[in-house]
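Subject: Structure handover

Hello,

The structure is below, with my notes after it. Please read through them when you have a moment.

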Amino acid sequence: TPRVFSGIKPSGGLQLGNYLGAIKRFVGMQGEMETIYCVVDLHAITVWQDPQELARGTREVAAGYLAAGLDPTKSILFNQSQVAAHAELGWIFNCVARMGWMNRMTQFKDKAGKNAENVSLGLYAYPSLMAADILLYHATHVPVGEDQKQHVELTRDIAAKFNHDYKTDFFPLTEPVIGGPAARIMNLRDGTKKMSKSGESDMERINMLDDADTIAKKFKKAKSDPEPLPENVEGLKDRPEARNLVDIYAALNDQTPEQVIAEFGGAGWGKFKPALADMAVAKLAPISGEMKRLMDDPAEIDRILGEGAAKAREIAEPILKKTYDIVGMLRS
Ligand code: TYM
């Protein structure tokens with residue numbers, strides 16, 4: 001049976017790339033398939049997290065899930081550390097995955113930079129815990145942004161090696177679900193870098209909790225180029241900032257870039273940016289308003305995550321148990 005799993009790290013708050021590349025698509029899959037969405041707090045601590053900020057960020061991601069339309073009666077919503085099986089299967093996969101595979105992970109190389117001697121061991125093992133997240137539910141579909149594609153491919157490699165070594169077909173080979181204009185939302189000040197929560201300047205990104213004035217200001221000040229919008233999408237080639245703003249418009253407004261260009265082709269930035277800002281505020285303000293309302297009642301968020309964790313355990317525990325059996329570990 002098709003089953004969807006995905007996760008978001010609760011570090012630094014949600015930004016527009018998380019919403020368009022992940023959450024909005026999670027909502028679209030709800031009801032179509034069994035859907036499980038996690039707040040991956042174990043992954044967050046691969047780099048230092050202030051404890052209070054980690055707790056707040058976990059509730060922020062959960063509030064983002066709910067405010068965007070995920071429904072705890074239709075999707076399982078929980079935070080990773082409440083389901084111990086993630087860490088347990090993660091350990092087994094640490095013993096399946098090869099050092100050479102980890103060494104090729106571009107996200108690790110980017111994050112470790114020249115400082116690889118002084119990053120946590122967890123950061124290195126990060127993709128093997130991610131494989132555990134996915135395979136613990138025998139998930140078949142993993143909606144993610146482009147930046148996570150390599151990790152989902154590694155998940156397939158881990159599943160294949162486990163199956164091969166233990167002569168089983170227990171773990172499925174998972175498909176990343178990536179695509180559309182939101183696969184890679186770029187930084188508003190530099191169209192060659194992705195939008196992220198860790199960029200230096202707040203003007204680079206739209207945070208899901210930004211107020212309307214801030215959102216409008218960030219789009220109006222977004223980097224563009226001297227040309228008006230092209231008459232067709234091919235004209236966006238080699239214009240990363242223009243392409244990104246068109247992609248954002250399309251993704252937020254449930255359109256294709258072609259449709260956006262059909263409406264705005266030939267328009268100058270003085271026309272397009274205010275239109276983008278107005279549309280974005282109209283789409284995002286209800287979500288951020290609802291997030292703030294939900295975050296005023298942390299106990300209710302915690303309750304929802306706890307109930308989700310109980311449902312997640314029901315699926316995960318039999319799969320973990322079977323894995324221990326396959327590996328030859330006694331359970332008595
Ligand atoms: P994270 O927390 O960095 O990002 C969460 C999701 O948002 C997507 N995303 C973007 N999409 C488009 N444009 C952007 N600029 C952008 N920035 C972020 C990410 O691709 C991701 O889908 N390793 C994962 C979390 C994770 C996970 C998993 C995902 C842990 N276990 C199992 C799927 C399945 C991560 O760090 O995402």
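Two residues count as in contact if their C-beta atoms, placed from the backbone, lie within 7 Å. In this chain, 78% of the contacts with a separation of 6 or more join residues 24 or more positions apart. Bear in mind that this is a predicted model.

Overall fold. The chain has 13 helices and 5 strands. Its radius of gyration is 21 Å; a compact globule of 332 residues would be near 20 Å, so the two agree. The C-alpha trace spans about 70 × 45 × 40 Å along its principal axes. Buried residues make up 41% of the 332.

Ligand site. There are 26 residues around the ligand, and Lys9, Gly17, Gly21, Val144 and Gly145 come nearest. By type, the shell has 11 nonpolar, 10 polar and 5 charged residues. Strand E1 (3–8), helix H1 (16–29) and helix H7 (121–135) each supply at least two of the shell residues.

Helix H12. This helix covers residues 269–295. At 1.5 Å a residue, its 27 residues should span 39 Å; the end C-alpha atoms are 36 Å apart, which agrees. H12 does bend, by about 35° at Leu284, and Pro286 follows within four residues. Leu284 is also one of the buried residues of H12.

Best wishes

Definitions and conventions:
Residues numbered from 1 in each chain as written. Predicted model: local features only at pLDDT ≥ 70, side-chain atom pairs only at ≥ 80, totals over all residues. Near = placed C-beta within 6 Å. Nonpolar A, V, L, I, M, F, W, Y, C, P; charged D, E, K, R; others polar. Rg over C-alpha atoms; globule rule 2.2 N^0.38 Å. Buried ≥ 20, exposed ≤ 12 C-beta atoms within 10 Å, placed from the backbone. Expected span 1.5 Å × (residues − 1). Bend = angle between axes of the 7 residues up to and from the residue.
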